Amino acid sequence: MDAIDRNIINSLQGGFPICDSPYRVVAEQLGIEEADLLQRLERMLELKQLSRFGPMYHAERLGGGLSLCAMKLPEADFERVVEQVNAHPEVAHNYAREHQLNMWFVLATETPERIESLLIEIEEETGYHVYNMPKQEEFYVGLKFDL
Amino acid sequence: MELTEQDYQLVAAIQGGLPLVEHPYAEVGEQIGLTESEVISRIDEMKQSGIIKRLGVIVRHHELGYVANAMVVWNIPDEKLDFIGRQLGLQPCITLCYERPRRLPEWPYNLFSMVHGTSQDGVIQRISAMIDDLGLQGIDYQVLFSGRRFKQRGARYQ
């Protein structure tokens, strides 16, 4: 990854033009060729430096459900439960964290009601309680990284 | 903004990413039977109304060197939550800041924030500096660094 790649990422985390030749607009702003920009984006996606190039949706405004959930798991059952939880396509991401509550995952469902029933399914499959912590107020969402 | 059946098709068509071609919106339109200008105006409207929070690159922060990813959780007295939540949200090192419910007795924390950095030490230093700057010394908090990542992808819509 070179300085041009970093410029591309820094600039495209802020937004992407919605017009007929958006890549050309971005390339001009960055002072590179459109073909070069497209090639670099393709490569960074292939190398998985970029997770996606596209929209980040507001789940609730799309009519969906979204929640952060945690579980308290003994080490011996950890792997089994990770597999059971991740088998659900509604699990958007899942991290181990250092705490009594040691597994944290995000559920994104097509309807708000589905969160509740999915939690019950996960509890029944795994035998462990799920702590459900849906967002109540949003103070800031930036999630941008300077490179 | 009311979403039509066609909007949901558009949502699904671009959720995996925009095509890397000169006229990406035209290509998306071809897939779902819309013209380029229809796609552009619908995406623009979804952006304006906040259904699309952001359009652009979503990085895999871990792969880009942001390997220390801390969820910093705070037990804030209810009457101060709004004020402190807003203040925390303004800090440059905070990438997300939400109120979530406490789950007593195991979980007394009601304010969740994320701090990403290139090292755990660096992240801890920034958190300490922030506590000093905002006068949060009396507030109970915890830093939960992430361990293994088992899954990372966006939400999927049909």
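Chain A of this predicted model is divided into two parts, domain 1 (3–46) and domain 2 (60–133), with bounds that come from an automatic or database domain assignment. The centres of domain 1 of chain A and domain 2 of chain A, taken over C-alpha atoms, are separated by 35 Å. Residues are numbered from 1 along each chain as its sequence is written, and chains are lettered from A and ligands numbered from 1 in the order in which they are written. In this predicted model, local features need pLDDT of at least 70 and side-chain atom pairs count only at pLDDT 80 or more, while totals for chains, interfaces and linings use all residues.

How is chain A built? Its secondary structure comes to 5 helices and 6 strands, where helices (H or I, at least four residues) and strands (E, at least two) are DSSP runs numbered from the N terminus. Along the sequence, the pattern reads α-α-α-β-β-α-β-β-α-β-β. Chain A is more spread out than a compact globule, because its radius of gyration is 19 Å, well over the 15 Å that the globule rule gives for 147 residues. The radius is taken over C-alpha atoms, and the rule is 2.2 Å times the number of residues to the power 0.38. Along the principal axes, the C-alpha atoms of chain A fill a box of roughly 55 × 35 × 25 Å.

Confidence comes next. The mean pLDDT (the predictor's confidence in each residue, from 0 to 100) of chain A is 93, and 97% of its residues reach 70 or more. Within chain A, strand β6 (residues 137–141) has the lowest confidence, at a mean of 84, and strand β5 (residues 130–133) the highest, at 98.

In chain B, helix α5 (residues 120–134) has 15 residues and reaches 21 Å from its first C-alpha to its last, close to the 21 Å expected at 1.5 Å a residue; the expected span is 1.5 Å times one less than the number of residues. Just after α5(B), B:Gly135 takes a positive phi of about 65°.

Finally, the two chains meet. The contact takes 64 residues from chain B and 62 residues from chain A, with two residues in contact if their C-beta atoms, placed from the backbone, lie within 7 Å. On the side of chain B that touches chain A, β5(B) gives the most, with 10 residues.
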